Amino acid sequence: MSRIIVGTAGHIDHGKSSLVRALTGTDPDRLPEEQKRGITIDLGFAFLDDVAAIIDVPGHEKFIRNMVAGASTVDFAILVVAADDGVMPQTTEHLQILRLLGVRRGCVVVTKLSMVEPEWLELVVDQVQKATRRTFLEDGEIFRVDSLRGDGIREFRAWLVSTLSAIEPRADRGLYRQPVDRVFTVKGRGTVITGTVISGALTRETAVRAYPGDALFRVKHIESHASEVEQVRPGQRAALNLLGDTDQLERGVTIGPPTGLLASTRVLVRIEQLESVEPLRDRQRIRVLTGTQEVIGRVQLLATDSGFAVANLLLEEPIVAAWRDHFIVRRYSPLETLGGGIVLDPQPPAFHVKRLALELSAARALAAESIDAAIAAYVAARADFGLALDHLAAAFAVPLAWLGTRIQSPPLSDQIVKLNAVLFRTGRLLEIESAIVERLKSLFSSSAGQVGFAPASLRDRALRDLPDPALDSIIVRLVERSRLAREGGLLRFPERKIALTPDQQRLMDRLNPVLHAAGFTPPSSELLAEQIAAPQADVARALVLMERLGKCRRLGVDMFFDAERFAEAVDAVQRGLRDARELSVADVSKLLSSSRKYVVPLLEYLDERGITQRNGNVRVAGRNAAVAQSKV
């Protein structure tokens with residue numbers, strides 16, 4: 001079974017498809033229009049014994065997007081040059097693209113020997129040697145063949161099989177990734193996608209996801225090398241028969257596990273600019289090609305030096321990327337290749353000018369070829385306010401289990417503290433803890449009558465960038481070490497006891513069961529006062545105190561919910577979204593056996609916290625949809 005991906009490259013009508021046909025017996029031009037016009041428009045595929053899969057790419061300048069989609073997964077390149085034409089514009093552009101995409105192995109094949117005299121052939125070979133100077137093909141073999149007559153094909157084929165057999169398979173990061181280059185329907189099977197497996201393994205009946213997006217599928221059948229198989233691995237071409245809502249499947253998506261990959265519209269990169277074009281300008285509109293995706297955006301230049309640039313790509317649509325993924329940058333219009341490079345951080349924080357020096361330092365460290373060195377650099381750069389372990393794994397497209405062994409071993413284990421699933425730099429964690437304690441002191445100093453403060457109250461300027469899960473983890477650590485105390489939903493210092501008067505305690509004890517029984521249709525403070533025969537002013541004060549103690553939740557001016565029933569309601573909404581993908585106000589009212597009066601404020605509350613997101617007249621899952629109900 002193939003384990004090496006070979007890609008053709010070269011100018012239009014230089015004989016790439018004819019060469020593939022002569023080597024494999026398969027015509028890579030599958031489209032009727034290609035066969036009619038005699039030119040390659042889209043990607044074609046063939047197999048060389050059980051050694052390699054060959055991707056045949058179009059040579060016309062109008063189809064560079066298709067060429068990059070095929071070349072992005074290539075391990076070994078065959079640069080094809082026609083003897084009667086010599087080196088042409090797309091010969092040079094394809095060679096530049098292959099180099100920028102990180103291809104490091106290959107050879108040159110001069111075709112159409114029957115079209116020229118021997119003297120002319122040697123001039124073309126000399127031209128090829130000059131064109132490949134200072135590229136990965138500088139010392140590569142140059143073969144002379146005629147694909148139609150068969151001259152040199154047998155010798156080249158034997159050398160190619162031998163050479164490819166000796167190449168080590170690509171490094172595998174262990175997380176399944178397959179950029180999709182074709183989507184079609186097979187009668188009796190349904191939707192099939194094809195692509196090259198670049199990491200991980202996949203077996204039948206596995207759940208997968210199409211990124212960007214949230215569509216989930218089940219893998220019903222797998223084919224590779226025109227045969228049905230149980231599993232595919234890196235370096236193989238794979239055709240997956242997927243079951244699910246296949247409307248979201250198209251060239252450009254990446255098939256991966258249900259969780260574990262990042263899709264982002266801001267990407268920190270290092271770009272190598274081609275010498276033959278004008279230098280990139282800050283905020284210049286560009287096209288970014290990575291994997292099988294093409295996305296329009298702008299380049300935010302952070303620094304330039306000797307033909308290289310550190311930049312943020314600001315994109316109009318999300319791309320699926322991980323550390324050291326390669327990409328190509330082209331001019332928006334007129335189309336022209338400007339350069340290419342590697343991804344340093346697939347989802348960096350929003351850029352601030354004050355952090356420029358830190359961001360450039362992080363970029364230099366993240367450009368390391370060693371994944372261990374890059375992970376250490378990423379933690380150093382991104383763990384100031386806590387770094388979620390699953391985000392770190394996704395940034396490098398590695399399994400959580402693999403990452404877990406790395407962070408538990410020196411030198412990384414000496415630099416970080418792991419709280420639940422959040423990483424902190426050791427020294428920085430102590431600074432944050434001190435900031436939290438000082439903030440709480442300040443709050444008590446300015447509001448001496450308060451019995452305690454909610455965690456959200458701790459967010460001053462020093463802590464505003466601390467994510468909720470990180471803040472929760474640090475609070476738990478401070479409580480465990482008796483530096484803080486938590487009572488209900490409020491934080492205080494251990495020495496500050498919350499003292500309730502007997503009347504307050506008795507009134508709260510009477511209100512608790514009434515609120516709990518009311519579920520998600522609680523009465524107003526006026527009606528509560530009537531039910532328990534107590535003064536409304538006392539009931540209103542007791543409800544505010546109960547909220548501070550975390551015993552109830554308040555929405556609006558006079559809408560108090562039992563804390564336990566409120567958490568159940570939030571959980572019910574999240575479960576409903578997982579089942580139905582979207583919910584209307586009427587749907588939520590039915591779920592909670594409540595009415596619009598109570599449901600609308602709840603949904604607005606959840607919108608603000610990213611648990612839900614309004615989409616027209618319905619709610620869908622928000623960015624924080626998986627946040628535990630106890631933290632809402």
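Student: What kind of model is it, and which residues count for local features?
Tutor: The model is predicted, local features need pLDDT of at least 70, side-chain atom pairs count only at pLDDT 80 or more, and totals for chains, interfaces and linings use all residues. Residues are numbered from 1 along each chain as its sequence is written, and side-chain values use heavy atoms, with hydrogens and water left out.

Student: In what order do the three strands of the open sheet run?
Tutor: The order is E22-E24-E23, with antiparallel pairing. Strands here are DSSP runs of E, at least two residues, and helices are runs of H or I, at least four residues; both are numbered from the N terminus. Two strands pair if DSSP finds at least two bridges between them.

Student: Why is one side of E22 and of E23 left without a neighbour?
Tutor: E22 (387-388) and E23 (416-419) stand at the edges, and each has a single partner strand, so one side of each has no neighbour in the sheet.

Student: How many bridges link E23 and E24?
Tutor: Four bridges, in the antiparallel sense; E24 covers residues 422-425. Ile416 stands opposite Arg425 in E24.

Student: Which helix lies across E23 and E24?
Tutor: Helix H12, residues 426-446. H12 runs at about 95° to E24. Axes are lines fitted to C-alpha atoms, for helices over the stretch in contact (heavy atoms within 4.5 Å). Angles run from 0 to 180 degrees between N-to-C directions.

Student: New topic. Is Arg492 buried or exposed?
Tutor: Arg492 is buried, at 8% relative accessibility. Buried means under 20% relative accessible area, exposed over 50%, and partly exposed in between (1.4 Å probe, protein chains only). Arg492 sits in strand E26 (residues 490-492).

Student: What lies 3.4 Å from a polar atom of its side chain?
Tutor: The backbone oxygen of Pro494 lies at that distance from the Arg492 side chain.

Student: Which residues do the cis peptide bonds join?
Tutor: One joins Tyr211 and Pro212, with omega about -10°. Another joins Ser333 and Pro334, with omega about -5°. Pro212 is in the loop between E10 (207-211) and E11 (216-224). Pro334 is in the loop between E20 (326-331) and E21 (337-345).

Student: And where is Lys112?
Tutor: Lys112 lies in the loop between strand E5 (106-111) and helix H5 (118-131). Lys112 is not a glycine, yet has a positive phi of about 60°. Most residues other than glycine have a negative phi.

Student: Is Arg134 buried or exposed?
Tutor: Arg134 is exposed, with a relative accessible area of 72%. Phi of Arg134 is positive too, near 60°. Arg134 is in the loop between H5 and strand E6 (142-144).

Methods. A polar contact is a pair of N or O atoms within 3.5 Å; within protein, one must be able to donate a hydrogen and the other to accept it, and residues adjacent in sequence count only if both atoms are side-chain atoms.
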